[in-house]
Amino acid sequence: MPIFKKRSISAFGKKKQDMPEGLWQKCPSCGAMIHELDLQQRYRVCPKCEHHFTLNSDERIQMIVDQGSFEEMDANLETVNTLKFKSYEDKIKNYQKRTGLKDAIVTGRSKIGGEPAVIGVMDFRFLGASMGSVVGEKVTRAVEAATAENSAVILFCASGGARMHEGILSLMQMAKTSGALARHAEAKLPYISVLTHPTTGGVTASFATLGDIIIAEPKCMIGFAGPRVVKETTHQNLPPGFQTAEFMMKHGLVDRIVPRSEMRECLTSLLGYMMPRAAA
Amino acid sequence: MNVEPLEFEKPVAELERKLKDLRENSKEIEVDKEIRRIEEKIMATKSDIYRNLTTWQRVQIARHKQRPFTLDYFNQCFDDFLELHGDRHVGDDAAMPGGFATVEGRRCVALGHQKGRDTKENLHRNFGAAHPEGYRKALRLMRLGEKFGAPIIALIDTPGAYPGIGAEERNIAEAIAFNLREMMLIRVPIIAVVIGEGGSGGALGIGVADRVLMMENAYYSVISPEGCAAILWKDGKHAPEAAEALKISAPDLKQLGIIDEIIAEPVGGAHHDHVAAAASLKTAVLKHLRELEVKDTDTLLEERYQRFRKFGEFRER
Ligand SMILES: [Zn+2]
């Protein structure tokens, strides 16, 4: 078992310097006002109600990997408007400017508790982390690299689903990414899927639910169809907690619900059990 | 069969009614000329309508309730079909029938989404919207095919996987995802044909194949035109524009390289002539089956992987 040390909080507070003083955030769950610095120090979890604020990809990566171990892959992949879908390019440019990202996922090689893991982190800020050709290609390349290099794969999922603007090409990314995971599984390498708020649609119906181990963050929304669609189709009242992590747990669909503060420790521990070892 | 005309087919229906009237109600020689004139006009109108079908008109044809469905094709194309039921865990999904079949002496496994023609049938078939049990049964049958060396024929015709409470509770997303992954590894040839509606993940869930064929008037899309219109225009009435923009018709998908062949339908669409439609489907499936049968298994699987691996467009700089 790799030895795990809790990291100092400052490792996560990279952006501390450029954060204006006195910035307060309102918890969307309990309404408490929390200071930005407080949030940063608590993995962006509300101290009053444990609500998990949405993380951007950069924050997530820093929170999970061994310090300094992250090497980004395929950072320059950008979408092209194959279908000439109206105003898609403008939309993309807009999100690129707002987030500093090229598309909705960051992938790269890393070490977690000393074990090699190729990770992918979806960023919900970028067009609802919808999956088009770029997300699909980056996930596929990441998984293929992990297979070639005997690495684990860990994907932090969050997505509104397939990216409509890329039509059928976005649907095909579901088959492409699942195919790459088939080969990774054949090589007997671990794949851990971490479901974060919200994971829905085509991402749930492909790589998000294919993990050897599936972990969910507390209270996150996980589903295939959106709750409104379910309601409208079935004309039924939705059961309490429908499509939450806890609902998934109750129905036996996830392995564990893991709060953010314990995520790195949990992943480290899992990799320790699952990574191939040289025969003794 | 009395075919119900779609909105854009009404000019033809009107002419046909006139012709019938003329034939039944007059015995004089002079009307021969008139009959010939109307017949010619029907031909011209038909060719004009069907040669210039919009994507939205094709969607209407793809959804026509008199269109041949999966079991109609099974009946027409196979020497025999032995249905096998159940996912061995929860239930039997009537929206996804499947079983053993023989086609031209070849043993195969056949399955697909099944719609109903009337309310009673649709309650039974759930409008072709399968539950997790359907996808799991489909994979169970595919594994039978793999075990006994029988190629797999999957017919796609669904508005989408069923978005219900029970479906979510029993992990519809995982049932689809699992098929996507496992179908990539199945060691016998797989041919999928989109025969009507190719509704998103629910379609793809049995659509990871060595060859993906498509009936001329079928559509295959990541989202329904109505759903897309509701998001983009905040109004489902813009579905015709959405259908065009999404590029979901067989010619568009052939051009994008998503499908391997367009299977021609009888004039006016498959619902005008089930026998002819089934004959073209059978010819196409057999042709591809013959090409796939001679490949060694590792080549087959590598080509299947690459077939889907190449999808997607992006730039890198
Ligand atoms: Zn709170």
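**Close-up views of a two-chain predicted model**

**View 1. Surroundings of V193(B) and the nonpolar core.** Apart from neighbours within four places in sequence, V193(B) is in contact with L155(B), I156(B), L213(B), M214(B), L281(B) and V285(B); contact means that the C-beta atoms of two residues, placed from the backbone, lie within 7 Å. This is a predicted model, in which local features need pLDDT of at least 70 and side-chain atom pairs count only at pLDDT 80 or more, while totals for chains, interfaces and linings use all residues. Residues are numbered from 1 along each chain as its sequence is written, and chains are lettered from A and ligands numbered from 1 in the order in which they are written.
The largest nonpolar core has 153 residues, and V193(B) is listed with L195(A), A154(B) and M214(B) as having the most contacts inside it. Such a core is a set of buried Ala, Val, Leu, Ile, Met, Phe, Trp, Tyr and Cys residues joined through C-beta atoms within 7 Å. Helix α5 (residues 167-186) of chain A gives the most to this core, with 9 residues.

**View 2. Helix α14 (residues 297-309) of chain B.** Helices (H or I, at least four residues) and strands (E, at least two) are DSSP runs, numbered from the N terminus. The 13 residues of α14(B) reach 18 Å from first C-alpha to last, close to the 18 Å expected at 1.5 Å a residue (1.5 Å times one less than the number of residues). R304(B), R307(B) and F308(B) are buried, whereas D298(B), T299(B) and Q306(B) are exposed on the face turned away from the buried side. Buried means 20 or more other C-beta atoms within 10 Å of the residue's own, exposed 12 or fewer, and partly exposed in between, with C-beta atoms placed from the backbone. The cover over the buried residues of α14(B) includes α5 of chain A.

**View 3. The side of chain A that touches chain B.** 49 residues of chain A are in contact with 42 residues of chain B. α5(A) gives the most to this side of chain A, with 14 residues. β4(A) pairs with strand β9 (residues 314-316) of chain B in the antiparallel sense over 3 bridges, and E78(A) has R315(B) as its bridge partner. Strands pair if DSSP finds at least two bridges between them.

**View 4. Parallel strands in chain A.** Strand β8 (residues 191-199) is joined to strand β9 (residues 213-216) by 4 bridges, with A216(A) as the partner of L195(A). β9(A) is joined by 2 bridges to strand β10 (residues 256-257), also parallel, where I257(A) is the partner of A216(A).
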